[in-house]
Amino acid sequence: MATLATFLRRFEAQAAPQKERRPALRVEQDPYRLRAIPNSDVYFFCKKIDNTRLVREADPRARKDCWTTIGAACAVVVLLTTILMPAVAGTMAGYRIQELRAEEQRLIDERRVLELEEARLLSPARLQQLAEGQRFVTPAPGQVIHLNPRGDGSLALNVK
Amino acid sequence: MDPHERSHANRRLAWLAGIILLWAFAIFGNLIHLQVIRHEAYLRLARNQQQRVVEIPAPRGSIFDRNGQPLAMSVPMASISVNPQHLPDLDVAADILSRILEIDRIALYGRLRNARDTGRGFLSVKRRIPPEQAESLRSLRLEWIQFNQESQRHYPNGTLAANVIGSVDHEEHGNNGLEAALDDELAGHAGTAHMLTDVKRRGIDSRLATEPHVGSAITLSIDSRVQFVAEKELARAVQEHSAKTGSLVAMNPNTGEILAMASYPTYDPNKPPAPGEPVQARFNNSVSVPFEPGSVFKVITLAAALETTDLRPESLINCGRGAITLFGRTVHEASNHGYGTIPMSLVLAKSSNVGAIQIGMRVGQERMYEYLRKFGFGRRTGIPLPAESPGMVRRLSVWGKTSLGSVSMGHEVGTTALQLARACAVMANGGLLVKPRILLKRDGVPVPPDPPERVIRPETAIAMRQMMEGVVVNPAGTGRRARLNGYTSGGKTGSAQIFDFATKRYTATYNGSFIGFAPVTNPAIVIAVTVNGTRGTRGFGGVSAAPVFKLVAEEALRVLDIPKDLPEELPENERKDQKAQPEEANDLPVAGLGEAPVLEETPQGTGNGAEVVTAAVQTGPKVPNFQGMTMRAVLAEASQMGLPVLVDGSGLARVQQPPPGAVLQSGERVRVRFAR
């Protein structure tokens with residue numbers, strides 16, 4: 001595939017003979033010789049150039065333009081940041097709020113599950129089963145002593 | 001440039017410009033198509049992509065007992081579904097889901113394959129999975145597993161109060177009990193919110209679309225501790241007496257609050273109805289199944305007599321030596337007892353059928369019917385439970401010649417256990433008909449009680465209480481087994497033969513029942529017990545139902561912290577020890593209680609390092625001699641000495657119990673009978 005340069009040059013090459021309008025001279029070519037590859041006569045080679053002794057000439061105008069551009073760019077960045085900051089902060093806060101809402105709902109659900117578990121553990125049938133397992137019995141008459149509070153609250157009346 | 005060449009170039013430029021213009025037109029046209037013509041469609045697509053509708057859960061309201069113990073509550077559960085068209089690999093999906101969800105892998109694979117082949121975009125894999133399974137699946141972070149939140153109703157106490165609370169169907173709609181009756185209040189309505197999400201479906205912002213309505217939390221008057229004992233003892237009694245069903249209602253007579261409502265058989269509302277399960281298990285026998293009450297109804301007859309006739313508890317009634325003939329129909333006493341002329345109080349204590357008929361005849365049909373209605377029989381109580389039966393009280397116009405006699409002893413009428421408990425509460429609270437309450441609070445706001453209606457005079461109620469106490473206290477009374485330890489109690493037994501509508505005859509099976517209250521002076525609880533389908537004399541109410549009353553009442557009074565009004569009866573061995581002591585020991589201020597309890601240890605204690613303090617029971621003061629004194633003088637002296645006195649009659653004090661000089665035990669009262 002031809003490069004762009006070759007492509008353009010091809011037009012120039014086509015235009016040049018039209019300008020001169022020479023009679024076409026057909027050069028007999030060796031039919032066994034291969035056609036030249038485009039730009040096959042271009043060779044790349046490195047040439048060492050020592051620039052160390054060159055010093056850039058001071059150009060105050062260019063420097064000024066440079067700093068002006070940098071300043072303008074910074075100003076644009078600050079402006080954009082200032083304009084976009086609330087929106088970004090709002091979006092981040094939105095993420096956080098949704099996370100917290102989901103967390104709140106999860107905790108509410110978890111609390112309900114725990115309340116259910118607590119209710120199961122405290123069900124009278126289970127407590128009865130545990131009590132029977134521990135061989136607890138209902139106190140016999142006379143075993144339960146009700147303490148009547150003394151006036152000053154120090155001790156029960158029926159305690160010596 | 002050559003003109004010819006220039007014209008070529010111009011033509012080419014014109015073509016290029018034309019192409020670019022067409023291109024611009026095409027873009028512009030497409031823009032119009034996208035932004036104007038298909039605006040709504042693309043907006044919808046964009047919203048579908050960026051927004052999702054999230055459900056704000058609103059669980060069904062919980063049901064609590066009076067102490068805040070949950071009886072029913074809904075818990076969010078995850079349900080698992082997949083889009084079979086988006087499954088990367090059916091084998092892998094079936095492996096993962098079947099292993100974690102503990103379902104059959106082959107069956108699941110078949111369902112997935114079938115759903116994919118038929119082009120279905122949704123397949124529910126398993127509903128309401130346990131939280132640990134949901135957590136396991138979530139931890140896999142697989143995009144093709146969809147979690148849908150659902151709610152599941154749980155009854156943490158299993159069968160406890162199942163017939164009262166009821167149950168829900170698979171969509172959490174109540175189908176029985178309070179769950180059905182209060183479905184509108186309990187049901188929650190989930191809200192929705194539009195949530196803006198990012199590409200990873202994380203929420204950025206949300207906007208409420210519809211407000212969620214959480215179901216109301218209901219607090220019942222039921223005490224789960226009393227309910228547990230009631231159900232346990234009722235089940236034991238039904239099984240012991242080979243009965244078919246049973247019901248029990250425990251009520252606060254002053255407020256009408258239902259403390260326990262038990263039915264046998266019962267069921268576990270956590271489980272769906274099993275095939276072949278008896279339908280009766282889901283009935284609330286206490287409110288839905290009326291029965292002939294039998295002798296417990298004599299309480300109503302006697303109360304009507306005290307209100308409408310000059311009969312008093314001591315009035316003598318001729319019991320006809322055990323039989324009475326009414327218009328060719330002869331009615332006998334139970335167990336062929338033959339009572340002569342006995343006081344009205346003994347008619348109740350001995351449950352004389354003939355005596356009750358005689359008293360009913362004195363009352364008369366019209367007034368008897370009026371008092372049946374006044375006591376609330378034949379109409380619903382208004383308790384918010386489904387399928388409440390009004391019972392059966394026939395219109396007066398269709399009463400037969402012997403109907404009055406039958407009604408007087410509790411036949412030809414149908415009542416529910418709840419109606420009996422309410423009628424008994426009239427005696428217990430001084431003559432007021434209260435409306436039974438089972439709802440204490442809605443969302444923490446107390447439900448105001450309905451005002452009671454006066455049915456009988458207070459003095460009639462007190463007289464009835466004393467007579468009903470005689471049923472329990474009198475050695476000849478039928479309710480001896482209902483005597484409580486540490487509390488006074490009153491009640492009435494009932495044993496009604498069950499009528500077979502197929503053969504139009506009474507069968508040999510009974511409705512054994514008991515209604516009672518305790519303590520007698522200021523009743524804190526009323527209990528009605530019925531055991532249906534008992535056989536033989538062991539199935540009579542005094543044997544089958546009265547012990548249930550005793551056990552439930554003792555436990556309920558203990559739970560409710562009602563102070564004892566009688567000294568406790570010590571076990572047999574300790575009683576013998578006390579009898580062995582000399583009589584003077586009764587005067588000692590400190591009675592031995594066996595091993596004294598250690599109440600506290602003082603750090604500065606000497607000797608053993610801890611001071612053991614002993615508990616002691618004080619004996620009461622000696623009872624003075626009230627005989628010959630007027631009522632005013634008796635009350636004044638008793639008040640001065642701080643003695644509780646129960647007076648009866650009018651005139652001068654003739655008889656007193658305990659006798660003069662006796663030591664009044666803690667909780668004991670002095671009964672003084674006056675006569676002219």
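Two strands count as paired if DSSP finds at least two bridges between them. Strands β25 and β26 of chain B meet this criterion, pairing in the antiparallel sense over five bridges. Within this pair, B:A653 stands opposite B:F674 in β26(B). The model is predicted.

The predictor gives the complex an ipTM of 0.73 and a pTM of 0.74. In chain B the pLDDT averages 86, and 92% of the residues score at least 70. Residues 578-618 of chain B are a stretch where pLDDT stays under 50. For that stretch, the model has 32 contacts beyond four places in sequence.

The β25-β26 pair belongs to an open sheet of three strands in chain B, with the order β24-β26-β25 and mixed pairing. Its edge strands are β24 (645-649) and β25 (652-657), each pairing on one side only. Neighbouring strands are turned by 25° against each other on average, direction ignored. Helix α21 (residues 631-641) of chain B packs on this sheet and touches β24, β25 and β26. The direction of α21 makes about 175° with that of β24(B).

Chain B also holds an open sheet of five strands, ordered β10-β9-β23-β22-β21, with antiparallel pairing. Strands β10 (258-264) and β21 (490-500) stand at the edges. Each has a single partner strand, so one side of each is left without a neighbour in the sheet. Neighbouring strands here are turned by 10° against each other on average, direction ignored. Inside the sheet, β9 (residues 245-251) and β23 (residues 525-535) pair in the antiparallel sense over seven bridges.

Helix α19 (residues 546-559) of chain B lies across β9, β10, β21, β22 (505-518) and β23. The helix runs at about 150° to β23(B). At 1.5 Å a residue, the 14 residues of α19(B) should span 20 Å, and the end C-alpha atoms are 20 Å apart, which agrees. Buried residues of α19(B) include B:V548, B:F549, B:V552, B:A553, B:A556 and B:L557. An α-helix has 3.6 residues a turn, so residues three or four places apart point the same way. After α19(B) comes B:D561, whose phi is positive, near 60°.

Chain A has three helices and zero strands. Along the sequence, the pattern is α-α-α. Buried residues make up 1% of the 160 residues in chain A.

Methods: Residues numbered from 1 in each chain as written. Chains lettered and ligands numbered in written order. Predicted model: local features only at pLDDT ≥ 70, side-chain atom pairs only at ≥ 80, totals over all residues. pLDDT = per-residue confidence, 0-100. Contact = placed C-beta atoms within 7 Å. Helix = DSSP H or I, 4+ residues; strand = E, 2+ residues; numbered from the N terminus. Axes fitted to C-alpha atoms, helices over the stretch in contact; angles between N-to-C directions. Expected span 1.5 Å × (residues − 1). Buried ≥ 20, exposed ≤ 12 C-beta atoms within 10 Å, placed from the backbone.
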